[in-house]
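Please look over the sequence and the structure before reading on. The report is meant to be read with both in view.

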Amino acid sequence: MAAKKASESFSKSLIEEVHKWGCMKQTGVSLRYMMEFGSKPTQRNLLISGQFLHKELPIRIARRAIELESLPYGLSEKPAVLKVPSFFYALMGLLLFSVRDWYLDSFRDLRSFPEIKDTNDEREFTQMIKAIKVRHNNVVPMMALGVQQLKKGMDPKIVSEDLDEIHQFLDRFYMSRIGIRMLIGQHVELHNPNPPLHCVGYIHTKMSPVEVAQNASEDARCICLREYGSAPEVNIYGDPKFTFPYVPTHLHLMVFELVKNSLRAVQERFMDSDIVPPIRIIVADGIEDVTIKVSDEGGGIPRSGLPKIFTYLYSTARNPLDEHSDLGTADTVTMAGYGYGLPISRLYARYFGGDLQIISMEGYGECSLLWFDHLNSCKIKVKL
């Protein structure tokens, strides 16, 4: 059954307000500003932060709701893209009826909240945006399921082409989601009465990339052990005392995804071998850049496949999601197959001015390079 139009489940006035706010200008926020402002989470600063989010979040959420409303209709105009109508209806149902409605519900909650005038108002507002963040927890697996269904319904010749419109939309959508969750999470965490040492909200002012890499690698190895019964070793090289300001959860996600991919490639290539080469992680502290290199001997991928690895319609593994999946358990971590681990990891890297690059040597293995701007990352303003 096709998804309901927004006007069928939300008032006309709300939809008009969404379009009005979606046209407003967003405000960029730098990592340095968040660190400096959050270093003293006084009641006055928390009040200012709450007032800022009260105006900023509706703009960002409105923009995503508008894009979700318009995207499928643009796809439907592409000739010969969808060969089975049910897939189109399923995609619309997933993208419009569920994810879009979450954004509209969140916009309505934010706009219904009265002006924040004092500490009590700010505390109530904080609880509300905390609930909004939870509401959107399953956006990524839901969108991944929609994209996979789109892929199933497309002509294989079309799938192999570079569908720029879809990828550009998903890049914008996921980057904006990172920003929204960062702003909410940062504000909520500033209320923590006992924050971890050297932490300002989500930001660790003295984060050890070696330590984060160790934790992410162990988490990835646990998943590999669960699925294959064994897991290659991960060797990490670098100075554990080296630190720089960053968001540990972001780095953990990136390294976890890269190591997880390497573990799968090595495990499957050396399944019947007595000697399994380790995955190697090198953390380098340069004058301008912080670089993390993850390399393996998992066989690599052909040169023809490299342009596809950062697209949302590509994966070398079987897809763990299908139209019959129970999304209530969609957050279960698997080794591979969703098709969004690498592109989203690259977005996290780019969020504060870094990047992710993949180098493949077919017949040998892959090398993934994560780099972060050591000098200027704190000055990057995030507007997405």
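This report takes up the confidence of the model, then its sheet and the helices against it, and finally its cavities.

## Confidence of the model

The structure is a predicted model, with a mean pLDDT of 83 for the protein, and 78% of its residues reach 70 or more. Confidence is highest in strand β4 (residues 234-237), at a mean of 98, and lowest in strand β10 (residues 381-382), at 48. The pLDDT is below 50 over residues 321-325, although this stretch has 10 contacts in the model beyond near neighbours in sequence. Residues 327-332 also have a pLDDT below 50, and for this stretch, too, 10 contacts beyond near neighbours in sequence are found in the model. Where pLDDT is low, the predicted coordinates should not be read in detail.

## The five-stranded sheet

Five strands make up an open sheet with mixed pairing, and their order across the sheet is β4-β6-β7-β9-β8. Because β4 and β8 (355-361) stand at the edges and each have a single partner strand, one side of each is left without a neighbour in the sheet. On average, neighbouring strands of this sheet are turned by 15° against each other, if direction is ignored.

Within the sheet, β6 (residues 279-285) and β7 (residues 289-295) are antiparallel and pair over six bridges, and a hairpin of three residues joins β6 to β7. In this pairing, Asp285 stands opposite Val290 of β7. Strand β7 is also joined to β9 (residues 365-373), in the antiparallel sense, by seven bridges; here Ile292 stands opposite Leu370 of β9, while Lys293 has Leu369 of β9 as its bridge partner.

## Helices against the sheet

Helix α10 (residues 209-228) packs on the sheet, where it touches β4, β6 and β7, and its direction makes about 175° with that of β4. Helix α11 (residues 248-269) lies across β4, β6, β7, β8 and β9, and runs at about 175° to β9.

## Cavities

How many cavities of 30 Å³ or more does the structure hold? There are three of them, and the largest cavity has a volume of about 70 Å³.

The lining of the largest cavity consists of Ile61, Tyr103, Ile132, Lys133, His136, Arg177, Ile180, Arg181 and Ile184. By class, this lining has five nonpolar, three charged and one polar residue. Helices α6 (119-135) and α9 (164-189) each supply at least two residues of the lining, and α9 gives the most, with four residues.

Notes. Residues numbered from 1 in each chain as written. Predicted model: local features only at pLDDT ≥ 70, side-chain atom pairs only at ≥ 80, totals over all residues. Heavy atoms only, no water. Pairing = 2+ DSSP bridges. 1 Å grid on protein atoms, 1.4 Å probe; cavity = no way out; pocket = protein on both sides within 12 Å on 5 of 7 lines; lining within 4 Å. Points joined across faces, edges and corners; volume = space filled by probe spheres on them. Nonpolar A, V, L, I, M, F, W, Y, C, P; charged D, E, K, R; others polar. pLDDT = per-residue confidence, 0-100. Contact = heavy atoms within 4.5 Å. Axes fitted to C-alpha atoms, helices over the stretch in contact; angles between N-to-C directions.
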